Amino acid sequence: MTATLDFRLIRQLWMFLAVAEESHFGRAAKRLGMSQPPLTEQIKVLEKSLNLTLFERSRRGTVLSPAGAAILPAVRQFAGQVKRLEQVVREVASGQSGVLRVGAINAAMLETVPAILARLKQQHPNLTVYIEEIDSAEAVPALEAGELDLAFVRIEGEVGPTIATRPLTEDRLAVALPAGHSLATLPRVPLQSLGGEPLVMSSRKVSPVYFDMLTGICRRHGFAPRILHEVRSVVSQIAYVGCGQGVALVPASMAKLAPENVVVRPLKERIMVVTAALAWNRNRHHPMVEAVVAQLEAGLDFGLVTDLCRLPENFKLGSGVRREEEEAYRG
């Protein structure tokens, strides 16, 4: 017996997602380009067909029921797959030569990704590139599932049997401090002096390898980090420091993002960390991925960031902290 695809169910799930994300039938109807009564009716039909109550009304508006909250992640994943299918169909119909799906952390989108993709587009003008912001922790499952072709993230070493990685840039570790902090007067800050300071860290959920590396560095310098906040990005770390919520270990090049009430000082110890790496699924054939990797392996200069962030010739993959020199920096 041949299975048939229920297009009405697909449409109803799309409506469910809109109401769930808007928490309001009126706003969801506007987003979908329809009036509210038909939307309300279709949600009722969906609830009846699933034999579930998906929404509850309260003073706060329309909220998901426990059943609605339970199916929401799967519906979001399904909606993403439908969007990707639509993209592929449009590209085939328009005669485009290919599609490259890229995920990147926001720091990489600011500095690393533009140069690489610009060179690739120059060589392949009909290539269509779709970029989405991701956390480093999301890269491996997305690459394994085929949802992404390339990921520009903060990752290093062996991360799975199917995932290959190549470091792109590194930077010196520094500390972001409130401008009025006593350590802000020092040209270089000893790492050990941060032992009693509340730290704003990049969340382990976002980048587990980077988090573990930084906490390990702190312990090797004689103290367990006192973590006050875990945030999603380096930009957020600097913002929290500006709000007086602690100090933060950040790449030195991020000093350019610091507002007037935050100063970024290099550590006295010269500690280099990977700030961006390329990751891809080695079991999936994609000519554009192979082109990028081949150009990087050939040593093609993409003009990445600054000399401060370039990889040294003796850089080796999988070594944890890339280079930790205990002598004071003479820069």
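My entries follow, grouped by topic.

**Ground rules.** I number residues from 1 along each chain as its sequence is written, and I keep in mind that this is a predicted model, in which local features need pLDDT of at least 70 and side-chain atom pairs count only at pLDDT 80 or more, while totals for chains, interfaces and linings use all residues. Side-chain values use heavy atoms, with hydrogens and water left out.

**Chain overview.** I looked first at confidence, where pLDDT is the predictor's score for each residue from 0 to 100: the chain has a mean pLDDT of 83, with 85% of its residues at 70 or more. Residues 303–331 fall below 50 in pLDDT, and beyond near neighbours in sequence this stretch has 73 contacts in the model, a contact being heavy atoms within 4.5 Å. I then noted 10 helices and 12 strands in the protein chain, these being DSSP runs numbered from the N terminus (H or I, at least four residues, for helices; E, at least two, for strands). Of the 331 residues, 45% are buried, where buried means under 20% relative accessible area, exposed over 50% and partly exposed in between, with a 1.4 Å probe and protein chains only. Among contacts with a separation of 6 or more, 73% join residues 24 or more positions apart.

I traced helix 1 over residues 7–22, and its 16 residues reach 23 Å from first C-alpha to last, close to the expected 22 Å, which is 1.5 Å times one less than the number of residues. Its buried residues include Leu13, Phe16, Leu17 and Val19. Just after helix 1, Ser23 has a positive phi of about 55 degrees, and Ser23 sits in the loop between helix 1 and helix 2 (25–32). Is Ser23 buried or partly exposed? Ser23 counts as partly exposed because its relative accessibility is 32%.

Asn51 lies in the loop between helix 3 (36–50) and strand 1 (55–58), and Asn51 is exposed, with a relative accessible area of 68%.

**Largest pocket.** On a 1 Å grid over the protein atoms alone, a cavity is a set of points where a 1.4 Å probe fits but cannot get out, a pocket is an open set with protein on both sides within 12 Å along at least five of seven lines, and lining residues have an atom within 4 Å of a point. The largest pocket holds about 390 Å³ of space. I counted 16 lining residues, the closest to the pocket centre being Gly80, Arg84, Glu132, Glu147 and Leu148. Helix 4 supplies the largest share of this lining, with 6 residues. By class, the lining divides into 6 nonpolar, 3 polar and 7 charged residues.

**Cavities.** I recorded 2 cavities of 30 Å³ or more. The second largest cavity has a volume of about 30 Å³, and its lining consists of Asn106, Ala107, Leu110, Glu111, Val234, Val235, Met254 and Leu257. Helix 5 (106–111) and helix 9 (234–242) each give two or more residues to that lining, and helix 5 gives the most, with 4 residues.

Conventions: Grid points are joined across faces, edges and corners, and a volume is the space filled by probe spheres set on the points. Ala, Val, Leu, Ile, Met, Phe, Trp, Tyr, Cys and Pro count as nonpolar, Asp, Glu, Lys and Arg as charged, and the others, Gly among them, as polar.
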